Amino acid sequence: MSDYRNDVEELEAKSATAARLFDIRRIIGGLFVVYGIIVTIAGITVSDADLKKAQDININLWTGLGMLALGLFFLVWLKLRPTAPPAPPAPAAPAAPPAE
């Protein structure tokens, strides 16, 4: 019985770790930061001809900075409010003695 309990506790610990690792905020935040950096670099290296097409608004720069801000928001949110580990199961109630 002890081996079974140890196996169950080990699986629960792995499950909690996997839940924290694949938290949707981490995935969304990471993707927005990576794409934000790429789009911001594209906005910094824009040519004058491209600016003329966009009526002198550097849309890549503004969009990239917005994506960076949103991605950082998600990552800060994850850091400030981490995923709570699952609550341990309640112990089973002891069996009542048979009625006589």
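**A loop and its neighbours**

Me: Where is the place of Gln 55?
Reply: A caveat to start: this is a predicted model, where local features need pLDDT of at least 70, side-chain atom pairs count only at pLDDT 80 or more, and totals for chains, interfaces and linings use all residues. Residues are numbered from 1 along each chain as its sequence is written, and side-chain values use heavy atoms, with hydrogens and water left out. Helices here are DSSP runs (H or I, at least four residues; strands are E, at least two), numbered from the N terminus. On that numbering, Gln 55 sits in the loop between H3 and H4.

Me: Is Gln 55 buried or exposed?
Reply: Gln 55 isn't a glycine, yet its phi is positive, about 55 degrees. Buried means under 20% relative accessible area, exposed over 50%, partly exposed in between (1.4 Å probe, protein chains only). With a relative accessible area of 68%, Gln 55 is therefore exposed.

Me: What is the phi of Asp 56, about?
Reply: Asp 56 also has its place in the loop between H3 and H4. At 54% relative accessibility, Asp 56 counts as exposed. Asp 56 is no glycine either, but its phi is positive, at about 60 degrees.

Me: How many helices does the protein have?
Reply: Reading along the sequence gives the pattern α-α-α-α. There are 0 strands, so what the protein has is 4 helices.

Me: Are H2 and H4 roughly parallel or roughly antiparallel to each other?
Reply: H2 covers residues 24-44 and H4 residues 59-80, and they pack with their axes 7 Å apart at an angle of about 155 degrees. Axes are lines fitted to C-alpha atoms over the stretch in contact, with angles from 0 to 180 degrees between N-to-C directions. Under 35 degrees counts as roughly parallel, over 145 as roughly antiparallel, 65 to 115 as roughly perpendicular and the rest as oblique. So H2 and H4 come out roughly antiparallel.

Me: How many salt bridges does a search of the whole structure find?
Reply: A salt bridge here is a side-chain nitrogen of Lys or Arg within 4 Å of a carboxyl oxygen of Asp or Glu. Asp 23 and Arg 25 meet that way, at 2.7 Å, N to O. Asp 50 and Lys 53 do too, at 3.9 Å. The search of the whole structure gives 2.

Me: What is the relative accessible area of Arg 25?
Reply: Its salt-bridge partner is Asp 23, which is buried at 10%. Arg 25 is buried as well, with a relative accessible area of 9%.

Me: Which helix holds both Asp 50 and Lys 53?
Reply: Asp 50 is partly exposed at 39% relative accessibility, whereas Lys 53 is exposed at 69%. The two are 3 residues apart, about one turn of the helix, and both lie in H3 (residues 48-53).

Me: Which residues form one aromatic cluster?
Reply: Rings of Phe, Tyr and Trp (its six-membered ring) pair if their centres lie within 6.5 Å; planes under 30 degrees apart count as stacked, over 60 as edge-to-face and the rest as tilted. The whole structure has 3 aromatic pairs, one of them Phe 74 with Trp 77, tilted at 5.9 Å centre to centre and 45 degrees between the planes. Phe 74 is buried at 16%, while Trp 77 is partly exposed at 38%. The cluster consists of Phe 73, Phe 74 and Trp 77.
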